[in-house]
Structures are given as structure tokens and as C-alpha cells.
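Hello,

Here is the structure I promised to pass on. Have a look at it first, and then read my notes on its charged side chains below.

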Amino acid sequence: MKPKKNPNAEVGRNSSLYFMIGLCSILFVTWQALEVKVYEKETEVLDVVQVVDNLDEEVPVTKNVITAPPPPPPSAPDVIEIVEDMEDVEETVIESTESSQDLYIEDAIVRIDDVEVGEEEEEISVPFAVIENAPVFPGCDTCPTEEERKACFNQKIQEHIQSNLKYPVPALEMRISGRVFVKFDIDTKGRVTNIQRRGPDRLLEDEAVRLIASLPAMKPGMQRGKATKITYAIPINFQIR
């Protein structure tokens, strides 16, 4: 039996080739469409200026004001009378009140023997480490030896700082920390004076000054049996935990 169709007339014989050619063509056209650049058209702005040939301006009318001439100066008198001054004027003599070198003043003589010269003692500040008798902090009166009184003094200072320290809120928010070196004096009456400080920030320095200024009055230090001003230094650490 003979086939009805001609094998050379097979329609689907090259279908895969045609599909690939069509796919490539579509991809090429799509790629070209994506690569096309579109530029915006520049818009032209036309300014319409109205030009007027005749410019009529109103010129203000001015008036000439005529002022009256000034009056003539008064005329000189025909006869000039000369009046003689017959009155005598007494001159006032001003005497000098300054004293001369020839003037001898007895009351102004001062004898050297009558003047008392007093010797003013200069107040000397002794460091805490070399003072003979250190200041006595309240509560350290019972210590029998001088070394124990100094140790008690240092301990009381540390306890006062730890119990009364208030970290400044602005410094805490800005995370400011560091060490403040404080130096102060304890005068002959046991009071804290002349507070000096040096630290990383003004907020920490002010808090250190407040702590030292709040120290209680104490018994003053003694040097050679006499009340003496002493100098004390201490570092205060501000740490954020």
C-alpha cells in the first residue's frame, strides 16, 4: 500500500529550527527596545515683552517761592558818648597755703624711738606627710599614736567621699568619667580652705569641690606645739559601671 503523503512535504520537519530562529529574533528585538534611550525635549519659554513707544510721565509742577529780604542792620548812632569809669576796684590777693622748706613745724617731728615695729609672722603651710601632729578628724580622737591618727584621717576622708558622692547627671548622660585631683588646705582653725582641682571635665571638678567643701570642722594640725596650716591632696575617681 503506498503512503498518501509525500515525505518531502513534512510540515513539522524543521519546526524546531523555526522556533529557535523566532525566539532569537524576539530576544534581539526586546534587547534593542531596552537599549533605546529616550531624551526629554527641551521646552522653550517665550517671554512676551510689551514695549510701549510713547512713555508719558507726569512731571510735577514746581513753584518759585519768593522770600522777603532780610531787614537792614541798625544804623550807628550819630554821637558816641564816652563814660569815664571813676570807681576804684580793689584787687583780691590770694595767699598761697603751701608750706615752704623754711617753715619749722614742731608737731610734725616724730622720733624713731616712739615707733613700735612689730614682726608679722608669715603663715606657712606644711604638707600632711611631714606634719608633726596631723589634724584630728571627728571620730579619730581615741587613736593613741600619731600614725594611727593619720591613718584614721585618711580613712575618714575616703568614707566621706564614698558616702556623699553624687555623680552629676549631665556627666552620666554624656558618659564622662575620669580622675579629679583635689588639693586643699586645713587652716589653723581646722576649716577647709583654698580648694584647687584639676580633672577631665568641669562637671566632675565641681562635684569634687562640693565634696571637699562639705568636710566637717576638725582639730587643726600642730607643728612645734603651735597650730599650723597643712596642705592635703587626694584623687577622686569618677567611674561609670
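Let me start with aspartate 206, which is partly exposed at a relative accessible area of 36%; partly exposed covers the range between buried (under 20% relative accessible area) and exposed (over 50%), using a 1.4 Å probe and protein chains only. Please keep in mind that this is a predicted model, where local features need pLDDT of at least 70 and side-chain atom pairs count only at pLDDT 80 or more, while totals for chains, interfaces and linings use all residues. Residues are numbered from 1 along each chain as its sequence is written, and side-chain values use heavy atoms, with hydrogens and water left out.

Aspartate 206 forms a salt bridge (a side-chain nitrogen of Lys or Arg within 4 Å of a carboxyl oxygen of Asp or Glu) with arginine 197, and their closest N and O atoms are 3.9 Å apart. Arginine 197 is itself partly exposed, at 35%. Glutamate 205 also pairs with arginine 197 in a salt bridge, with 3.8 Å between the closest N and O atoms, but glutamate 205 is buried, at 13%. Together with Arg202, these residues make up a salt-bridge network of Arg197, Arg202, Glu205 and Asp206.

Elsewhere, arginine 149 and glutamate 146 form a salt bridge whose closest N and O atoms are 2.9 Å apart. Both sit in helix α2 (residues 146-164), 3 residues apart, or about one turn of the helix; helices here are DSSP runs of H or I with at least four residues, numbered from the N terminus. Glutamate 146 is buried, with a relative accessible area of 16%.

The count of salt bridges comes to 6.

Best wishes

Definitions and conventions. Helices (H or I, at least four residues) and strands (E, at least two) are DSSP runs, numbered from the N terminus.
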